[in-house]
Amino acid sequence: MWRLKIAEGENNPYIYSTNNFVGRQIWEFDPDTGTLQERAEVEEARCHFYQNRFQVKPSGDLLCRFQMLREKKFKQRIPAVKIEEGEEITFEKATSAMRRAAHFCSALQANDGHWPAENAGPMFFLPPLVMTLYITGHLNSIFTSEHRKEILRYIYNHQNQDGGWGLHIEGDSTMFCTTLNYICMRILGEGPNGGLDNACERARKWILDRGGVTHLPSWGKTWLSILGVFEWTGSNPMPPEFWILPSFLPLHPAKMWCYCRMVYMPMSYLYGKRFIGPITPLILELREELYTQPYNEVNWKQVRHHCAKEDIYYPHPRIQDVMWDSLYICTEPLLTRWPFNKIIRDRALQVTMKHIHYEDENSRYITIASIEKVLCMLACWAEDPNGDCFKKHLARIPDYIWVAEDGIKMQTFGSQLWDTSLVVQAMLAANLPEEIGETLARGHDYLKKSQVQDNPSGDFKSMYRHISKGSWTFSDQDHGWQVSDCTAEGLKCCLLFSTMSPKIVGEKMEPKKLYDSVNVLLSLQSKNGGLAAWEPAGAPKWLELLNPTELFENIVIEHEYLECTSSTIQALILFKELYPGHRRNEIENSIKNAVRYIEDMQIPNGSWYGNWGVCFTYGTWFALGALEVAEKTYNNSATVRKAVDFLLTRQGDNGGWGESYLSCPKKEYVPLKGNRSNLVQTAWAMMALIHAGQAERDPTPLHRAAKLIINSQMEDGDFPQQEISGVFVRNCMLHYPLFRNIFPLWALAEYRKRVPLPSQA
């Protein structure tokens, strides 16, 4: 059976940690683990997922939950409650449902204090890792037969009915992900017509029916060129000379969004070297299988701008094609010939590799995220196949692997801090210190041990990095990358804990570390009042015209985000109440400007676009949470009134809310098919209305929503897994299985606390 190991470092000289691996979560297969009953439970979950894979596409994350509940010997002892038709919800029934949810959620906590869970969903994360291990000759040493079986299970489970794979598990098929997953199956041993339900044959037909892999988007062309199944001459240039440009130029890397920078850094290195993996018999077979014409007859120059219509989310403007053509025709032929290949290209490659090594070291070889991880690892191997840097990368691959009933997937890099900070706030809202005090204390300890203690090493500004001391990351301390909303939520939690008895929740965080967090937040605020996520925004907006990807929008420069701004407002207002003497004027001005930004970002229908969750429901919850603590009410704010109208007009007949992930890419509200309700979104809307004072005006919509949540609760206190609820860069979805526990619990806690309810007595 698969077993999740928490906060453990392996006996490996190539792995190290800044905090003794607190927050680390890795899976290993142990053939001797598990009783017959436990193994049967896992197999039943796998079968159930496969049979229902087109109805509910995200996993329930059941393997992790089975283990956590088993280790805690959890048994739900609070009786289930139901609200009958026409029945009024009493304080006692609301309390019972909330306590059941809190006790179940408490049992999912790991021994280091965090809540382990999947954070995946995109279908282009895992295949490049398999391809890289194949290229470097480490596939068999890293992935056992059990790994291979579960990777294939995941691919089969998320193949669409038309034979392709979407950009994410709920998306329509794309050339990019269909090609990558087809190649992944072939590398893992499936024949050209093999795979469950003829998976390979169906996928290849999907690809060839749309013109073959010459119609891949740019990232696909890059990966196939690396593998040897495409020619570099068929890709647009990615010159590493970009990394030696003068800093005053608008195109300088320092002005790029960190994720874009970290992707194109190793990509440009591999492009600059024209790196190609070993041409094996399998590679030659793939060259025959994936094209509609013989490989040696492809006009590579002509196909550079080809892209399947299914993959185009951001169509390139004509000016960009002119720029690529200029680089392709004029610049690259010059830079790849003597003497410029020695004078300029070699130096550019050295500088690019210096940046790669710096990022690797400062993230303990985790890197910023999964796409970057694989590219940086391959760049290290290309530089020195036997070097320590590549070995350190191999040691951190387990940090990205997650196992669930739908198979093995590759995570973004983990959402340990984000999930834990939200669980803690939901638990605190439930106000059950006597029942879950130990859970709260462990969560507090995890948060304190996970705060980043130092800035990046050396002259970090010359390496285009921002301060990180006092921040929290999205995942764990070793990751090292500051995020404003994670920092704000972590700060909020520690401030709330500081008001509680240390006998229950442990010693409070020392003020200096709280001040460091505030410093990070203030440093990330823009002139318009909004908060950037990772680094200060401010690069010219026109740079987005040079977005080299067809798959994503707004990825070239850093932007401000509603959720980051809202979280920061809430954290700074609470901090100001508890530490009124620290940077008071700066904090008050920051809050004022941030509130103005929130108000300015409201769209005409009364909602806000959510950047990290689906979508207008999520954004509106964040916005109203900030406006409430800033003392903007239904009575004194037209912004709040418009938001309330938006939410009330979208409540379903059963009392819930349900918004499709399609709202995110389309940037307009799209309800779920059949006007279904989603419990996570219902909780967001319910809490947003509570923030806006709905209980004082007319609590009926809140009662209807609470009834749906209560009646949807399962026997053990869990809630059913429904549609995917997370997102990044507008059109790629992320699965957060803990959301189904966090937000219904939190909504019930706020409902019980702030909505007058009758008592059975």
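Is Phe230 buried or exposed? Phe230 is buried, because its relative accessibility is 1%, where buried means under 20% relative accessible area, exposed over 50% and partly exposed in between, with a 1.4 Å probe and protein chains only. The model is predicted, so local features need pLDDT of at least 70 and side-chain atom pairs count only at pLDDT 80 or more, while totals for chains, interfaces and linings use all residues. Residues are numbered from 1 along each chain as its sequence is written, and side-chain values use heavy atoms, with hydrogens and water left out.

**Aromatic pairs**

The whole structure contains 39 aromatic pairs. Rings of Phe, Tyr and Trp (its six-membered ring) pair if their centres lie within 6.5 Å; planes under 30 degrees apart count as stacked, over 60 as edge-to-face and the rest as tilted. Two of the pairs are tabulated here.

| Pair | Centre to centre | Angle between planes | Class |
|---|---|---|---|
| Phe230 and Trp300 | 4.8 Å | 70° | edge-to-face |
| Tyr561 and Trp612 | 5.0 Å | 45° | tilted |

Phe230 sits in the loop between helix H9 (218-227) and H10, and Trp300 in the loop between helix H11 (281-289) and helix H12 (318-335), so this pair ties together parts that are 70 residues apart in sequence. Helices (H or I, at least four residues) and strands (E, at least two) are DSSP runs, numbered from the N terminus. Trp300 is buried, at 12% relative accessible area.

Tyr561 belongs to strand E8 (residues 560-561) and Trp612 to the loop between helix H22 (584-600) and helix H23 (616-629), so the pair links parts 51 residues apart in sequence. Tyr561 counts as buried at 7% relative accessibility, and Trp612 counts as buried at 16%.

One aromatic cluster is formed by Phe413, Phe474, Tyr618, Trp621, Phe622, Trp684, Tyr736, Phe739, Phe743 and Trp746.

**Helix packing**

Helix H10 (residues 258-273) and helix H14 (residues 370-383) have axes that come within 9 Å and cross at roughly 30°. H10 is therefore roughly parallel to H14, a class for angles under 35 degrees, with over 145 roughly antiparallel, 65 to 115 roughly perpendicular and the rest oblique. Axes are lines fitted to C-alpha atoms, for helices over the stretch in contact, and angles run from 0 to 180 degrees between N-to-C directions. The residues in this contact (heavy atoms within 4.5 Å) include Tyr259, Met262 and Lys273 of H10 and Ile371, Leu375 and Glu383 of H14. They divide into 13 nonpolar, no polar and 3 charged; Ala, Val, Leu, Ile, Met, Phe, Trp, Tyr, Cys and Pro count as nonpolar, Asp, Glu, Lys and Arg as charged, and the others, Gly among them, as polar.

Helix H16 (residues 416-430) and helix H18 (residues 484-498) pack at about 35°, with their axes 9 Å apart. Among the residues that meet are Leu417, Trp418 and Leu428 in H16 and Cys486, Leu496 and Phe497 in H18. The contact of H16 with H18 divides into 8 nonpolar, 3 polar and 3 charged residues.

**Other buried sites**

In helix H15 (residues 388-395) the buried residues are Phe390, His393, Leu394 and Ala395. Their cover includes helix H4 (126-136), helix H5 (139-142), helix H13 (340-362) and H14.

Val755 lies in the segment after helix H29 (739-754) and counts as buried at 3% relative accessibility. Leaving aside neighbours within four places in sequence, Val755 is in contact with Ile690, Ala695, Pro699, Leu702, His703 and Glu750. Val755 and Glu696 are 59 residues apart in sequence, with 8.0 Å between their C-alpha atoms.
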